[in-house]
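Dear colleague,

I am passing on the structure below, and after it I set out what was found. Please keep it open beside this message as you read.

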Amino acid sequence: MKAVFQLTALSVLLFAFLVSTTAMAQEKPASPHKGVKGKVGAATITIRYGSPYVKGRKIWGGLEPYGKVYRAGADSGTTLTTDKDIMVEGKSLKAGKYAFFVIPVEKGKWTVIFNKTAEQWGAFKYDEKQDALRVMVMPKAHAMTESLTYVITKGGFSMDWDKISIPVMIK
């Protein structure tokens, strides 16, 4: 009888473990990690990022304050890789892998930054001296995008989140 009870208890524990593990695996991450890859002219552009959700929050000027460097994603910093030298908003950027940041402002052009220290956690140790390139871009009103999304087109890429799109032109 004791052996049957021990076997039953072990079976119950094993079943509970499997159910809890399956439930945890099915939970949606708070900011899923995503990537997008595409051709812009002769260059192949790859962007890797964490994709946070709006979740009813005020994003620009709220969760992400104006005038502060933003990692342009969630968790580890967003990276942009180009396999060829490119022109970003008319300025030269060498082939390589870069951390991608933006500095949002309430009105006017946003600063877009390509930083040589590609692997960073957020913008906590961001060092302006490591910037490979800074350009200014005008944000555009955009249909609501709940999850931060990057889109690569034949003319560049955009970062779309909330009701803002940040277009970056590449040649």
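**Core and sheet**

In this predicted model, V88 is in contact (heavy atoms within 4.5 Å) with L93, F114, L133, V135, V168, M169 and I170, leaving aside residues up to four places away in sequence. V88 is also, together with I45, I47, V112, F114, Y150 and F157, among those that touch the most other members of the largest nonpolar core, which has 33 residues. Such a core is a set of buried Ala, Val, Leu, Ile, Met, Phe, Trp, Tyr and Cys residues joined through side-chain atoms within 4.5 Å, where buried means under 20% relative accessible area with a 1.4 Å probe, protein chains only. At least two residues of this core come from each of several strands, including β1 (33-40), β2 (43-50) and β9 (140-153), while β10 gives the largest share, five residues. Strands here are DSSP runs of E, at least two residues long, numbered from the N terminus. A second, separate core of five residues includes A99, F101, I113 and Y126.

As for the sheet, six strands form an open, antiparallel arrangement in the order β1-β2-β3-β6-β7-β8, pairing being counted where DSSP finds at least two bridges between two strands. Because β1 and β8 stand at the edges with a single partner strand each, one side of each is left without a neighbour in the sheet. The antiparallel strands β1 and β2 are joined by eight bridges, and K34 stands opposite Y49 in β2.

Residues are numbered from 1 along each chain as its sequence is written, and side-chain values use heavy atoms, without hydrogens or water. Local features need pLDDT of at least 70 and side-chain atom pairs count only at pLDDT 80 or more, whereas totals for chains, interfaces and linings use all residues.

With best wishes

Key: Buried < 20%, exposed > 50% of the residue type's maximum accessible area, 1.4 Å probe, protein only. Helix = DSSP H or I, 4+ residues; strand = E, 2+ residues; numbered from the N terminus.
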